[in-house]
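Please look through the sequence and the structure below before reading the numbered points.

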Amino acid sequence: MLNLLFTFVFKQALSIDTSGSMSGQPQRIAFSLLKQLLRMAKKQKRPCCLISFSVRSKSIDLAKPRNWRRIDNFLEHSFSGGTDGEQMLAEAIRVLQKGTYEMADILIVSDFEFPVPVPATMDKINKEKAFGTRFYGLKIGRYGVKGYNDVMDKIWVV
């Protein structure tokens, strides 16, 4: 599945849900997937931006080699609190508007237990899609908001 995903993606922003609902087994699955995706991006020298989100979103640009050693610290205060999907999507769109990540694809690793985007955010997503960006999801678990099938270009379920 990961190799298939990487055949479509040249540069990407990986967004990982670090909210409380992801603690335990979902966290282990998410981190395992994340480590593999980051390993593949680094090996293939693909620009990659990592976004973590729960109540707040933060990002780290891995196109800058010095930032690779900051990944563990970047994620260490995770898996607590609620989930703000709007803030994460706003951060992803902000990343897309940087020179390095124009037309990058977005991969969201989450249980998708947060509301679908409001119309203004959906308009921004559709504008980015018109430029060639694809929004993918790796959904951990069977639950979560069903409306994301209409938002994402493709969702894989783990």
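**Notes on the salt bridges and the overall fold**

1. Glu-91 counts as buried, with a relative accessibility of 14%, and it should be kept in mind from the start that the model is a predicted one. The side chain of Glu-91 meets that of Arg-94 in a salt bridge, with 2.5 Å from N to O. Arg-94, at 38% relative accessibility, counts as partly exposed.

2. Both Glu-91 and Arg-94 belong to helix H4, which covers residues 85–96, and they are 3 residues apart, which is about one turn of the helix.

3. The structure holds 2 salt bridges, and another pair to examine is Lys-129 with Asp-153, whose closest N and O atoms are 3.9 Å apart. This pair links distant parts of the chain, since Lys-129 sits in helix H5 (residues 119–130) while Asp-153, 24 residues apart from it, lies in the loop between helix H6 (148–151) and strand S6 (154–157).

4. Is Lys-129 buried or exposed? Lys-129 counts as buried, at 15% relative accessibility, whereas Asp-153 is partly exposed, with a relative accessible area of 36%.

5. As for the chain as a whole, it has 6 helices and 6 strands, and from the N terminus on these elements follow the order α-β-α-β-β-α-α-β-α-β-α-β. Of its 158 residues, 50% count as buried.

6. Among contacts between residues at least 6 apart in sequence, 75% join residues at least 24 apart. The chain exposes about 8100 Å², of which carbon and sulfur atoms supply 52%.

Definitions and conventions. Residues are numbered from 1 along each chain as its sequence is written. This is a predicted model: local features need pLDDT of at least 70, side-chain atom pairs count only at pLDDT 80 or more; totals for chains, interfaces and linings use all residues. Side-chain values use heavy atoms; hydrogens and water are left out. Helices (H or I, at least four residues) and strands (E, at least two) are DSSP runs, numbered from the N terminus. Buried means under 20% relative accessible area, exposed over 50%, partly exposed in between (1.4 Å probe, protein chains only). Contact means heavy atoms within 4.5 Å. Accessible areas come from the Shrake-Rupley method with a 1.4 Å probe; for residues, only the protein chains shown count as cover. A salt bridge is a side-chain nitrogen of Lys or Arg within 4 Å of a carboxyl oxygen of Asp or Glu.
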